[in-house]
Amino acid sequence: MSYVGALGGASPRDDVESSPARQASLRSHNLGVVARTIFASEAPISRAGVAALTGLTRSTVSRLTEELLAARLITELALPDDRRRGRPAVPLAPAVGSIAGMGLEVNVDYVAGRVVDLAGTVVAESLVAGNFEDSDPGEVLPLLGALGRRLLAEAAAAGLTMAGTCLALPGLVDTAAGRLLLAPNLGWRDLAPADHLGPAVLPGNTSLHVANEADLAGFAQSMARPGCPAGEDTFLYLSGGIGVGSAVVERGRVAGGQRGWAGELGHVTIEPDGPDCHCGSRGCLERYAGIAAIAAAAGLPSDTTATELAAAAERDAGARAAVDRAAWALGIALAGAVNLIDVASVALGTGYVPLFPLLEPGITEQLERRVISASFAPVSVRPANATIAAASTGGALRALETVLDAPAAWIEAGAATG
């Protein structure tokens with residue numbers, strides 16, 4: 001897969017008669033094209049393969065590849081014995097154990113962190129369970145900061161260089177300012193998380209990137225590993241815990257809307273006079289389809305897990321009715337979203353995976369009834385990857401995007417500090 005189009009539609013060029021500034025710009029651009037092409041390839045790819053996909057000359061690809069190898073962004077793989085005769089094409093792949101990103105996450109019932117390297121290997125991870133509903137960020141974020149420092153120490157002991165840190169929060173986030181505006185279920189409002197994490201949680205001189213939890217979980221769902229899209233690159237992702245979040249993933253990128261706040265499906269109104277919601281409205285989807293709301297409707301404790309809820313629904317009519325009502329509400333909300341944004345599939349993630357066999361029929365029934373295009377193009381509903389703290393993975397991948405977006409800058413920074 002070529003990333004020429006993904007890099008803004010500009011084609012790679014081999015111009016040589018140009019000013020030094022122009023040459024530097026071309027080198028930076030072409031380094032990005034070569035790096036993205038290697039990372040996007042599902043299987044290891046040769047220099048000749050990169051040249052064929054990008055349109056760059058083999059000599060240019062070879063020169064840029066050497067820079068990426070020296071910077072430990074990529075690696076050369078050993079050839080099988082039967083391919084060592086003649087002049088074999090040496091396969092290239094993302095480097096293992098060299099550069100990593102860290103994702104941190106706060107959710108209502110846990111804080112978590114994960115460190116992932118350029119090859120997609122999880123180098124270190126940790127999850128601390130708790131009840132953080134209506135909590136004090138001045139207590140929770142330092143706890144997360146301590147967790148992050150432990151993960152950074154593990155990564156350093158393994159010899160990795162950290163590219164950055166991304167924090168996932170369940171609410172409205174001003175990503176440009178690095179501020180959380182509102183997290184209804186946490187009870188947090190208008191704060192700068194970096195001010196509370198404590199010292200030494202950010203690697204080097206990097207800044208903290210803050211993003212929405214569902215957006216990062218959806219991004220993780222769209223990627224097989226750093227820089228390599230998964231099979232389906234356009235879908236609506238839905239996360240479910242106490243709250244309900246969603247992300248519109250379009251061609252492997254999360255479509256955040258004008259201010260980055262798109263995807264608040266959990267606060268779409270199902271019934272105008274329905275139960276009060278933490279957000280200040282009434283009848284929101286998460287009051288019907290959040291895991292805690294389903295448990296309450298089933299007469300079960302508020303800390304009932306999705307797995308326990310699924311087991312209860314198999315043996316108890318009241319629990320099954322609560323799950324069916326959640327499926328009804330989810331189907332109504334999802335049908336409206338599909339009519340608006342036109343996606344072909346919905347991925348149910350996080351807490352919904354254990355409940356998927358019970359939820360899918362009711363959701364599909366509403367989609368078939370309410371999506372105007374359903375008779376021409378049915379919408380598929382599928383379970384997402386059952387990854388605990390998926391937004392932590394998404395945060396780590398997002399941190400590594402800074403390397404893939406500007407490998408020239410990364411190479412130059414490494415040279416300056418080396």
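Thr350 is found in strand β16, where strands are DSSP runs (E) of at least two residues and helices are DSSP runs (H or I) of at least four, numbered from the N terminus. The phi of Thr350 is near 45°, a positive value in a residue other than glycine. The model is predicted: local features need pLDDT of at least 70, side-chain atom pairs count only at pLDDT 80 or more, and totals for chains, interfaces and linings use all residues. Residues are numbered from 1 along each chain as its sequence is written, and side-chain values use heavy atoms, with hydrogens and water left out.

**Backbone and exposure**

- Most residues other than glycine have a negative phi.
- Thr350 counts as partly exposed, because its relative accessibility is 31%; buried means under 20% relative accessible area, exposed over 50%, and partly exposed in between (1.4 Å probe, protein chains only).
- Asp342, in the loop between α9 and β16, also is not a glycine and has a positive phi of about 60°.
- With 61% relative accessibility, Asp342 counts as exposed.

**The sheet around β16**

- An open sheet of 5 strands has mixed pairing and the order β15-β14-β13-β16-β17; two strands pair if DSSP finds at least two bridges between them.
- β15 (253–254) and β17 (380–383) stand at the edges with a single partner strand each, so one side of each has no neighbour in the sheet.
- Strand β16 (residues 345–350) runs parallel to β17 and is joined to β17 by 4 bridges.
- Ser345 stands opposite Ser380 in β17.
- Helix α10 (residues 356–370) packs on the sheet and touches β16 and β17, its direction making about 165° with that of β17; contact means heavy atoms within 4.5 Å.
- Helix α9 (residues 317–341) lies across β13 (235–240), β14 (244–250) and β16, and runs at about 150° to β13.

**Packing of α2 and α3**

- Helix α2 (residues 47–54) packs with helix α3 (residues 58–70) at an angle of about 120°, and their axes are 9 Å apart; axes are lines fitted to C-alpha atoms, for helices over the stretch in contact, and angles run from 0 to 180 degrees between N-to-C directions.
- The contact is made by Arg47, Ala48, Val50, Ala51 and Thr54 of α2 together with Arg58, Val61, Ser62, Thr65, Glu66 and Leu69 of α3.

**Leu104**

- Leu104 has its place in strand β3 (residues 99–107) and, at 0% relative accessibility, counts as buried.
- Not counting residues up to four places away in sequence, Leu104 touches residues including Leu144, Leu147, Cys166, Leu167 and Val201.
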